[in-house]
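Here is a short briefing on the structure shown below.

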Amino acid sequence: MLGLYLHRESPVHALPAGWKLAGLAVAATGVFFVTGPAPLGAALLACLGLFALAWLPARTAADQLRPLLPILLVLFAAQAAFADWETAVVVTARVCLLVLLSALVTLTTRASEMIETLERVLGVLRPLGVNAGKLSLMLALTIRLIPVLFDLVQEIRMAQRARGVERSALALLVPLLVKTLRMADTLGDALEARGYDPR
Amino acid sequence: MIELRNVRHRYGEREVLRGIDLTLAERRVAIVGSNGSGKSTLARLLNGLIVPSEGQVLVDGLDTRKDAKAVRRRVGFVFQDPDVQIVYPTVEEDVAFGLKNLRLPRDEITRRVDAALERFGLTGHRTWPAHLLSGGQKQLLAIASVLVLEPAHVVFDEPTTLLDLRNRRAIARVIRDLPETAIVVSHDLDLVAEAERVIVLDEGRVVADDAPGPAIAAYVARMG
């Protein structure tokens, strides 16, 4: 879901990050004012059109939704059971649209551009004590560390399986927590060593 | 030049360095020792990541206790695991991170990033997400991200431990060709053998300080 930047020379990539983030904010709000399945279907098609305009294949769009499939199915079933079919379609389509639009922004915008924009926007809150630099670094580290933590989970799972433990939340969470804390500690040292100044 | 004057360091009650006096002026110095000998602590003292419990560490005359920021600009630090050193999601963004911290002009940042990527053979990977690089490429990225800041000295803490033979040799070549002075903390005796001077640590003390041949022989003898 938190797609990482894919480099292309497309017009969507060339748009400034601020425009894309503002467009995402407007679209994410606007999507709640679209009520019928037909207009939402058209919006989804338009979103896929934007993926094409960004030279990203439909498979990349599908990859963004695949991890959410169980949640989407539960959401659809719950809405169909407690409301009606049309509401189920509308609510599920809205979530898909929001995920695809957010993914489109992250896939076509370098983290550094997004972070610089965020820093500029949050800069106005500096008089209130908000440290825009720290917040934007947090965002960069979050994007960067998702695949690292994913690999760590796979590694721990494999180590547990090698010892005959197939499914145990505790056997996964304890070493994951210990390794993550250790990694955070070294990461702090690395930031300091690279001259990071949080002021 | 880096000087350590009667340096002692403790973590709580445990003393890990017990009176180290060293002057490091050679282009290539290696530090070896068993696990827990204090070599990683010594490495972290050299760029002010930690300050000694007692004694002084001076980098080109700057005291790490008083001038930590200036010391870190002079001493780059490459960690064992590049995954904990790479901050930004893509290769070129990560190389630019330290330069942006220095608030350099955009043109200067671009020029230095281009040169660093070229120097370490990463130009073709500049827009790649860092997690898609191989272990060796990640270590090269970590080194590029440190050297782009143009430090006078570079400390490498076990830079080849997580790598296969081919990547170990690639990193050894990079270290060999550096114009900067390098202090390499390592168990990799092939890498250590390339230094001009090898310091052997044991239980927080310097037990050998010599040319690679005799120093490595002393280390191997101690390891039994």
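Of the 14 residues of α5(A), 0 are buried, so this helix lies largely in the open. Buried means that 20 or more other C-beta atoms, placed from the backbone, lie within 10 Å of the residue's own; 12 or fewer means exposed, and in between means partly exposed. This is a predicted model: local features need pLDDT of at least 70, side-chain atom pairs count only at pLDDT 80 or more, and totals for chains, interfaces and linings use all residues. Residues are numbered from 1 along each chain as its sequence is written, with chains lettered from A and ligands numbered from 1 in the order in which they are written.

**Helix α5 of chain A**

**Sheet of chain B**
- Four strands form an open sheet in the order β2-β1-β4-β5, with antiparallel pairing (two strands pair if DSSP finds at least two bridges between them).
- β2 (14-24) and β5 (62-63) of chain B are at the edges, each with a single partner strand, so one side of each has no neighbour in the sheet.
- β1(B), residues 2-11, is joined to β2(B) by 8 bridges.
- V7(B) stands opposite I20(B) in β2(B).

**Contact between the chains**
- Chain B gives 26 residues and chain A gives 24 (contact means C-beta atoms, placed from the backbone, within 7 Å).
- On the chain B side, α3(B) gives the most, with 5 residues.

Key. Two residues are in contact if their C-beta atoms, placed from the backbone, lie within 7 Å. Helices (H or I, at least four residues) and strands (E, at least two) are DSSP runs, numbered from the N terminus.
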